[in-house]
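Subject: Structure handover and notes

Hi,

Here is the structure you asked about. Please open it alongside this email and read the notes with it in view.

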Amino acid sequence: MVTDASAQGWELDPDRLFPADPTIRGIARELYAAVARRPILSPHGHVPAALLRDNVPFANATELFLRHDHYVTRLLHAAGFTLEEVGVPALDGTRPAAPPREAWRRFCAHWPHFAGTASAYWLRDVFVTQFGITEQPSAENADALFDRIGARLATDAFLPRALFDRFDIALLATTDDPLDDLAAHSALAADPGFRGRVVPTFRPDAYLDPSTPGWHECVALLARRHGTPESSYDGYLDALRERRRYFLDHGAVSADHGVREPLTVELDRDDAAALFTRLLRGAGTAADARLFAGHMLFEMARMSVDDGLVMTVHPGVHRNHSTDTFEVYGPDTGHDIPVRTEYVQSMQPLLRRFGTAPGFHLVLFTVDETVYSREIAPLAGFYPSVYIGAPWWFLDAPDAVGRFRAATTETAGFYRSSGFIDDTRAFLSIPARHDMSRRLDAAYLARLVAEGRLDEASAHRIIDDLVDAQPRKVFKL
């Protein structure tokens, strides 16, 4: 018998993500309950500070859940829709986005396409917990859901600052261009009506990799801001150091590097300067650009040793795989694809020089989960500077997080990991993502307790540390 799934009860299972075995599930419940309401630490993410500074209402369900969430739009594109049909306009304005209600109807009608995905898990949590929605999206209820969400968004309770307080976010880190004036951060810090802590993150990729479109322009802007000749390699390094100090003065705790490969190369000063000059003149090869980018990742580690910014590395993504899509809609529109990542050889020059440097923290992420047990966990199990980054992007999903714990813990333990990192642009999903992580850690620890591999008191201490003490330590909070 076929039934209308959207009309059935859609409440959240209080035991979701816990093991089916009743003994293990009971232990998991207790572990989760101990941390379920702990404040959220989000030391790496992409929610803009201006969202909280301006504190204006979200426009509608499409703008909130579709327009900026490439997890969602990519699957709708795969189902046959153009991006403008699901709310994403062309950059040049020639292809305007569909009206928000129409885009939302397409999403709701194709809700079954998200079954089993991390997106469906987070969205369901948000819909039920924050909007009181009791039936899953469908073509039949799309308009009613759109209106219900819109009515809630129009209330003061759904203003960004009210949500920030309700989510109990103790720290939120943004991701920012090195030349950003950080005015939104300054405004929040000076606002007596805002009691949260929002810090910037230094993200210099476009200034370090000559293969990045616009690198020459970025170098010129950096030199102009610093007041040094564009052609000066020493001035270039000094300008980067100065901008890092500016970020530190505005509360930054980390510098993030979204590189294609985590190559590190140590060049002497004269060779690096000559390479820099050649690339600025347009005479460098692709090999030269790769070499210089590797050298600059090495230099960023040197600067982190000097100034204390935590260094995080997010490699292994082929950006903008669909050239046509990138040209029409721009970046971050759903067609970034993971590639193989290698750390052991690529990071050896950096770790040989800085792996045991006092106070240096290096957090290694991956979207190639084969390197967790083979490379990242063994590196973190030896070098005091190295920490295992939480599952990221394509891997921040329930089953992948479980595999991550199994792949890394037996080699490096729990205390060489970063704690959970939500790394999201989707502001309303932050509580759901952290709740997912806490449930999965409770499930993993409960299994160890049930199997006699860990005592229950230790499990309680570990899960509490993973939620609070560990991210504070790793990110120097």
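The notes below go through sheets, cores, helix packing and a few single residues.

First, the ground rules. This is a predicted model, where local features need pLDDT of at least 70, side-chain atom pairs count only at pLDDT 80 or more, and totals for chains, interfaces and linings use all residues. Residues are numbered from 1 along each chain as its sequence is written, and side-chain values use heavy atoms, with hydrogens and water left out.

Strands are DSSP runs of E, at least two residues; helices are runs of H or I, at least four residues; both are numbered from the N terminus. Two strands pair if DSSP finds at least two bridges between them.

Look at β4 and β5 (residues 310-313). Four bridges link them, in the parallel sense. S254 has V310 as its bridge partner in β5. H257 has V313. S254 and D256 point one way from β4, while A255 and H257 point the other way, and all are buried. Buried means under 20% relative accessible area, exposed over 50%, and partly exposed in between (1.4 Å probe, protein chains only).

**The three-strand sheet**

A second open sheet runs β1-β2-β3, again with parallel pairing. β1 (40-42) and β3 (198-199) are its edge strands, and each pairs on one side only. Three bridges hold β1 and β2 in the parallel sense. S42 stands opposite L172 in β2. Strand β2 (residues 169-173) and β3 run parallel, joined by two bridges. A173 faces V199 in β3. β2 is mostly covered, with four of its five residues buried.

Helix α19 (residues 430-450) lies across β1 and β2, at about 105° to β1. Axes here are lines fitted to C-alpha atoms, for helices over the stretch in contact, and angles run from 0 to 180 degrees between N-to-C directions.

**The cores**

A nonpolar core is a set of buried Ala, Val, Leu, Ile, Met, Phe, Trp, Tyr and Cys residues joined through side-chain atoms within 4.5 Å. In soluble globular proteins, nonpolar side chains tend to be buried together.

Which residues touch the most other members of the largest core? They are Y236, L350 and L362, out of 59 residues. Helix α14 (residues 286-307) gives the most to this core, with eight residues. Another core lies apart from it, with 49 residues, including V86, F107, F146 and I430.

Leaving out residues up to four places away in sequence, L362 touches M311, V313, M347, L350, L351, S385, V386 and Y387. Contact means heavy atoms within 4.5 Å.

**A helix pair**

How do α12 and α13 cross? The axes of α12 (residues 233-249) and α13 (residues 269-280) come within 9 Å and cross at roughly 95°. The two helices are therefore roughly perpendicular, a label for angles of 65 to 115 degrees (under 35 is roughly parallel, over 145 roughly antiparallel, the rest oblique).

Y233, D234 and Y236 in α12 meet R269, A272, A273 and F276 in α13. By class, that contact has five nonpolar, no polar and two charged residues. Ala, Val, Leu, Ile, Met, Phe, Trp, Tyr, Cys and Pro count as nonpolar, Asp, Glu, Lys and Arg as charged, and the others, Gly among them, as polar.

**Single residues**

- L182 has a positive phi of about 60° although it is not a glycine. L182 sits in the loop between β2 and α9 (183-190). At 1% relative accessibility, L182 is buried.
- W393 also has a positive phi of about 60° and is not a glycine. W393 is in the loop between β9 and α18 (398-412). W393 is buried, at 10% relative accessible area.
- R447 lies in α19. R447 is partly exposed, at 30% relative accessible area. R447 and T23 are 424 residues apart in sequence, yet 9.1 Å apart in space, C-alpha to C-alpha. Beyond its neighbours within four places in sequence, R447 is in contact with I24 and R453.

Best wishes
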